Amino acid sequence: YQLNRQLFYNNAENRHTEEYVQASISNRGKKYIWMLRGGMAWNDIRNNVNNGMTDYWQTKASVKDGSILNINSRNKSYRPSVYFYGLHTFSDTKSLDYVFDGYYSRNDYNRFYNEDDESFHSLVKEDYCYVKANANYSMAFSHRNRLAFSLFEFMRISDSEYMGTSTYNQSLHSSETILFADYSQRLGRFFFDINPGLSFLTYRLKGMESINHLTPRLQTRAVYKIDKVQQLQFTFALGNTYPRINTINNVEQQIDPIIILKGNPDMDNSILLNPRLSHTLNLNKFALQTGVSYFYQNHSIISDYYIRDGHLISTFRDDCIYHRPSADISMTYKPSGSLNMKLSGQWIEHLVRGGTEHRSLSSISGSAMVNYYIQDFSFSVSLATPSRDLINSQISRKTYWQYQLSAMWKHGNWAVEANANNLFMMKNNIVDELSAPYYSFKQINQSRSYNQYATLKIVYSFDYGKKTSKT
């Protein structure tokens, strides 16, 4: 049989609060520079649904009507961080720079789902640590060429305690070391930069053996200057992904009467490939840029669904290949110093092959912007067409028309800015759709922020010190 469920609710409360503080100190000498920065960030996201309604029916027969629905979720975190940068210049042609970037994050994910007399609670407390270390040694030569060596080390440690409907402890340790050699050369109108490398990735999920991946890396760029106003550029990137605990953990969590979430620890790492060719034309008052690109990803992770004991198991699989060819064009016209206009257009084709079903989605979108400046005033008009996208190689998303009118007055330390967004639009929404074996859904998301609203901002800046201001 086919089980259908419809959820609907109004006036959902979505609140996002973010606070941070940071301080830095730096020093500069004749042959060195260093900078140290530390900070603390707090983040709190709340999504609450109260007095919603849920209906169930099998094919045409009603099973349960009018269940009262309440969903309350809260994600909060605090994150101390530290960043250090240093540069040593040994001579006019040789230098060494290095970076240390790291943070610790305590993340609490709390979700409570209640439907009449059934309740499902998901609570995850995660300790997450991230460290990036990088050193670059560069040498410049007399024939307009340059050679550099770069070493990167990334470390990610996630330790999660699952409580609520399921109780479990899970941890994921991953480390990636990347070595690059970078050579660049300029020959007349031609310039190229080739950056080959090698990545060694190792990770281990609690209770399992370590998994290792040795992957080639490449970043390259070639530029040919046709004449004084035209230029051709080709770029190419070859990379890989790293594991995320939410997709590979083997913890099961029941989030509502039907769905059980479950990771898949047997997935492989993805290889990413992205070439692009672009042409640029710059005239006195007119600029044109066109480009074509292609993105490829093997072992693309998608959601997978199957039925077990009357429940829908939502897990993941990696036997898909994702292709995304695209083309874009951008035109800018500046008839005077006070007026400029820009038009942009893009075509994208999403293709997913392998796995459960082949998917294809085409999207053509565009945008326009006009800016006008006169004395202390500036005016702007922008417009964006609806667009379509494929989320996580699987979910089709359709957006809406958007436009904005804005005006700003700035004089001395004072500034006043007024914005009007999507005036006279009242029915804008975002539509997400998924169709897969055993599971399909259609979600229509409406929000006041998608429709007409206006903002007014008044700013006064206090000047203190040399070339320093605070608003």
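Reader: Let's start with tyrosine 460: what does tyrosine 460 count as, buried or exposed or partly exposed?
Author: This is a predicted model, and in it tyrosine 460 counts as partly exposed, because its relative accessibility is 32%.

Reader: And which residue does tyrosine 460 form an aromatic pair with?
Author: Its partner is tryptophan 414, with 4.7 Å centre to centre and 55 degrees between the planes, a tilted pair. Tryptophan 414 lies in strand β23 (residues 414-421) and tyrosine 460 in strand β26 (residues 453-460), so the pair ties together parts that are 46 residues apart in sequence. Tryptophan 414 has 44% relative accessibility, so it counts as partly exposed too.

Reader: Nice! How many aromatic pairs does a search of the whole structure find?
Author: The search finds 17 aromatic pairs. In one of them, the rings of tyrosine 103 and tyrosine 128 have centres 6.2 Å apart and planes at 35 degrees, so this pair is tilted. Tyrosine 103 is in strand β5 (residues 94-115) and tyrosine 128 in strand β6 (residues 118-140), 25 residues apart.

Reader: Why does tyrosine 128 count as buried?
Author: Tyrosine 128 has 17% relative accessibility, and the cut-off for buried is under 20%. Tyrosine 103, at 22%, counts as partly exposed.

Reader: Switching to charges, what sits over the ring of tyrosine 103?
Author: That's the charged end of arginine 79, 4.4 Å from the ring centre. Likewise, arginine 156 has its charged end over the ring of tyrosine 242, 3.6 Å from the centre.

Reader: Last one: which residues form an aromatic cluster?
Author: Trp34, Phe84 and Tyr98 form one.

Note on methods:
Residues are numbered from 1 along each chain as its sequence is written. This is a predicted model: local features need pLDDT of at least 70, side-chain atom pairs count only at pLDDT 80 or more; totals for chains, interfaces and linings use all residues. Side-chain values use heavy atoms; hydrogens and water are left out. Rings of Phe, Tyr and Trp (its six-membered ring) pair if their centres lie within 6.5 Å; planes under 30 degrees apart count as stacked, over 60 as edge-to-face and the rest as tilted. Helices (H or I, at least four residues) and strands (E, at least two) are DSSP runs, numbered from the N terminus. Buried means under 20% relative accessible area, exposed over 50%, partly exposed in between (1.4 Å probe, protein chains only). A charge sits over a ring if NZ of Lys or CZ of Arg is within 6 Å of the ring centre and within 35 degrees of the ring normal.
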